[in-house]
Amino acid sequence: MAPEGARLGGVVADLEVSRAWLVDPAIGREGPGDIVVEDGVLRSVVWLDGAEAEGIDDRGVVVAPGLVDLHAHFREPGFEDAETVATGMAAAAHGGFTTVCAMANTSPAIDEASVLVRVREAAERSGSPVELLVYGAVSAGRKGETLAALGELSDGGAIGFSDDGAPVRSAAILRHALAYAGMLGRVIVDHPEEPILTDGAEANEGLVATILGLKGWPTAAEASAVGRDLAILTEVLADVPAARLHLTHLSTAASLELVRRAKAAGLPVTCDITPHHLALTDEWLAGARRWAWEALDEDGRARSPWADGALVAGPFDPTLRVNPPLRSALDAAALLAALVDGTADAIATDHAPHTRVDKEVEFGLAANGISGIETALGIVLAAVDAGRLPLSRAIEALTTGPGGVLHGWGWGGSRRLVEGEAADLVLFDRSTPWRVEAAGLASRGKNTPLLGRDLPGRVLLTVAGGRLAYEEPG
Amino acid sequence: MSLVAPDGTGIDLPAVAPSPGGSGTQLRWSHRHLLDLDVVTWPEIELVMRTTDAMREVLARPIAKVPALRGTGVTILFYEASTRTRVSFEVAAKNLSADVVNIAAASSSVAKGESLVDTIRTVEALGADMIVMRHGTSGAPYLAAEHFGGSILNGGDGWHAHPSQALLDLYTIREHLPGGPDLHGRKVVILGDVLHSRVARSNVWSLTAAGADLWLCGPATLLRGFDRWAAAMGAAPGHGRFTVTADLDAALRDADVVMALRIQRERMSGGLLPSLREYAARFGLTLERLGAARPDVLIMHPGPMNEGVEIAPEVAIDPRSVITDQVTNGVAVRMALLYLLAGAAGHHRETSGG
């Protein structure tokens, strides 16, 4: 099965995978099959049936198109001790991703073409075949006061614009940016947060924050920003029909309901959710370690971890500090529902590596973010294993879902298992779990609350654009 | 267990009564750290109460000093200004003959940007066996406990917990409550800025465990979230009632104990309250309002007080006030905690006999 003589970055000359479970969301098909890759090209895709398919199920080796991440932080330039483009791409490949969109909150911010060029050159130098797309900043220095060099960044290949790490603070700047980016055929990606409501906030407002004495982070801080963004988009569209808005890392039931209604009304808005907001909840801050769907009772009500003995770890683990914060089990259930009904277009990792210096501190002083690109697939498959999410929808939300969003922004790539195209795929094994360990992570950021935990879906092989991106050692 | 005083007389330390039909083994304190009371059982709280009784006997002697912690290094590491808690711990540790080091963190290398973890490692390298820690960030002592080989005693962290205060409150209530120390069904009201209060949070654990009928009362902006806690705990078996309300009259009616919390001036700037004047008018604890409580109600305050704001001056000095008893008992409770934690960590000079 292993690709013959391939090395990382090299063309996959010869790869045969027999009797695996193929998932191709582009044609809505999954089932037993064989694939053959020759000289980087997907030479054959054979769907098996009848006696040939006997004994093959979706619990073993799965072949899917390469995963697409709309939201990652690779920290270069400026924070290379937390991550570099090269280590970020290696982490992406280990996580099964073959296309990644890097955020612009570097230092300096990617607010002019020269910085963008540096990032693209670093990607080139890394030798990784993973496709790196880069956002430019919306505002100069991400300060929310004046527009960044949007035209220049667009000409330089920016996939869109985002001030992520922070919201586009000024509603006026957002209004102008949506119009100007629309003129350029580009999207604005907003991190929706009303900062006045989150000043000093530490944890999702609710039972856990109350008991732990952490300053509450209201869900309304996100929903009110989503409402603002949608109202502004509606008005801008009257003048600039090409204006596009994408809302990233939505974490609350209320925000997703607003997007559901906006989509029903025909607004050109898309959104993503993260694996950690889908599967982890604020009760992890108190020491619970169960998945979000395990924290609801039969009637769909959130259980108190203090009442039912779910507290198994110490409280205040700073790896759990993230923006937006981990929410309640009810919010997580709303995210799952939004994923299933298509309100959420994609799962995006918000991979946010940090150094120990920035993370191994008091909870309220810790940097926000979870290093998550290597555990995203595993978390999503945990939801699949629990029967909360069909495998086909999970893969769709990690491939054609974000791919479709990117197509709307002018991306020319594709995610499908079609003979004659460059092989772009991931192989993972659902039959045996893998243990998340710091030494096993390619990312420099070891800041994940999942260290020591077993996750389903061990990635065996990642092929990007016909070239070898990751191969399981040994 | 026994303590030996310098004059040679021993003091018997209590053990929790053996369970009926049990083997008669004594309950031992098993926690290496005291970070909050959520993980402390009621029998363990009773052990603290009885150990405090013994420490009060020590304090009643002409020379209030025993050698129980001789050779044990106790570092008092405070990242926030404090007088009464810091001095109370210091006196307690010295009464047990510990070697006490005081670090006001604002004036140490912390001001130069040293991380908490580095500070803890440094304090350990300098010989500390126990650290009494106060920090402005909720949860900070948990981080310290992960990186310290000895015992951490939480002297207050952010809004989160102040376990020694809650235990001295409980001790004081049990000592003075008319009708005896059993709190089952007795109405205890905590009044004021509950939201920002680590004292209130730790008291929730100990008072509900004691079976008290606990009421938290204050303006709606300063109670936010606590109704969820009350609802979540309502299901827990063996615990007392837990009510959260902004209705002061309902809270004070027939109360056995009323504890007023400090209102801080900065709550006005955040828009949580219109003014101190309005707070005093609507929620200030006055003699007139106390008329609704039981005639022998206990009046408490963790200090420091804003007299004329959350508590009227004549209430603070009313014969029913046990505010100065809280301070006195604070030393005995902290001696008990240091003693028990040292025992769990194996620092006792001598513990046998008794």
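1. Two strands count as paired if DSSP finds at least two bridges between them. Helices (H or I, at least four residues) and strands (E, at least two) are DSSP runs, numbered from the N terminus. On that basis, 7 strands of chain A form an open sheet with mixed pairing, in the order β3-β2-β1-β4-β15-β18-β19. The edge strands, each pairing on one side only, are β3 (41-47) and β19 (467-471) of chain A. From one strand to the next, the twist averages 30°; axes here are lines fitted to C-alpha atoms, for helices over the stretch in contact, with angles from 0 to 180 degrees between N-to-C directions.

2. Basis of the numbers. This is a predicted model, in which local features need pLDDT of at least 70, side-chain atom pairs count only at pLDDT 80 or more, and totals for chains, interfaces and linings use all residues. Residues are numbered from 1 along each chain as its sequence is written, while chains are lettered from A and ligands numbered from 1 in the order in which they are written.

3. One strand pair in the chain A sheet. Strands β15 (residues 425-429) and β18 (residues 458-464) of chain A run antiparallel and are joined by 5 bridges. Val426(A) has Thr462(A) as its bridge partner in β18(A). In general, strands of a sheet pair through backbone hydrogen bonds, either parallel or antiparallel.

4. Two positive phi values to check. Arg19(A) is not a glycine, yet its phi is positive, about 55°. Arg19(A) sits in strand β1 (residues 14-24) of chain A. Asp39(A), also not a glycine, has a positive phi of about 50°. Asp39(A) lies in the loop between β2 (29-38) and β3 of chain A. Burial is counted from C-beta atoms placed from the backbone: a residue is buried if 20 or more others lie within 10 Å of its own, exposed if 12 or fewer, and partly exposed in between. Arg19(A) is partly exposed because it has 15 other C-beta atoms within 10 Å. Asp39(A) has 12 within 10 Å, so it is exposed.

5. Cis peptides. Asn323(A) and Pro324(A) are joined by a cis peptide bond, with omega about -5°. Pro324(A) belongs to the loop between α9 and α10 of chain A. In chain B, a cis peptide bond links Gly303(B) and Pro304(B), with omega about -10°. Pro304(B) is in the loop between β11 (298-300) and α12 (313-316) of chain B.

6. Arg301(A). This residue is in the loop between α9 (283-286) and α10 (329-341) of chain A. Arg301(A) counts as exposed because it has 11 C-beta neighbours inside 10 Å. Arg301(A) and Leu330(A) are 29 residues apart in sequence, with 7.4 Å between their C-alpha atoms.

7. A covered helix. In α12 (residues 376-385) of chain A, 8 of the 10 residues are buried. Among them are Leu377(A), Ile379(A), Val380(A) and Leu381(A). Just after α12(A), Gly387(A) takes a positive phi of about 80°.

8. Chain B overall. Chain B has 13 helices and 11 strands. Of its 354 residues, 49% are buried. Two residues are in contact if their C-beta atoms, placed from the backbone, lie within 7 Å. Among contacts in chain B between residues at least 6 apart in sequence, 76% join residues at least 24 apart.

9. Domains of chain B. The assignment gives domain 1 (2-162 + 328-345) and domain 2 (166-323); such bounds come from an automatic or database domain assignment. Between them, 19 residues of domain 1 are in contact with 16 residues of domain 2. On the domain 1 side, α1 (42-59), β6 (151-157) and α13 (323-345) of chain B give two or more residues each. The largest share, 5 residues, comes from α1(B). That side divides into 8 nonpolar, 7 polar and 4 charged residues. Ala, Val, Leu, Ile, Met, Phe, Trp, Tyr, Cys and Pro count as nonpolar, Asp, Glu, Lys and Arg as charged, and the others, Gly among them, as polar.

10. Chain interface. Here 22 residues of chain A are in contact with 23 residues of chain B. Helix α5 (residues 207-212) of chain A provides the largest share of the chain A side, 5 residues. By class, the chain A side has 12 nonpolar, 7 polar and 3 charged residues.

11. Core. A nonpolar core is a set of buried Ala, Val, Leu, Ile, Met, Phe, Trp, Tyr and Cys residues joined through C-beta atoms within 7 Å. The largest has 263 residues, and Leu338(B) is one of those with the most contacts inside it. The largest share of this core, 12 residues, comes from α13(B). Leu338(B) touches residues including Leu69(B), Val74(B), Leu96(B) and Met130(B), not counting residues up to four places away in sequence.
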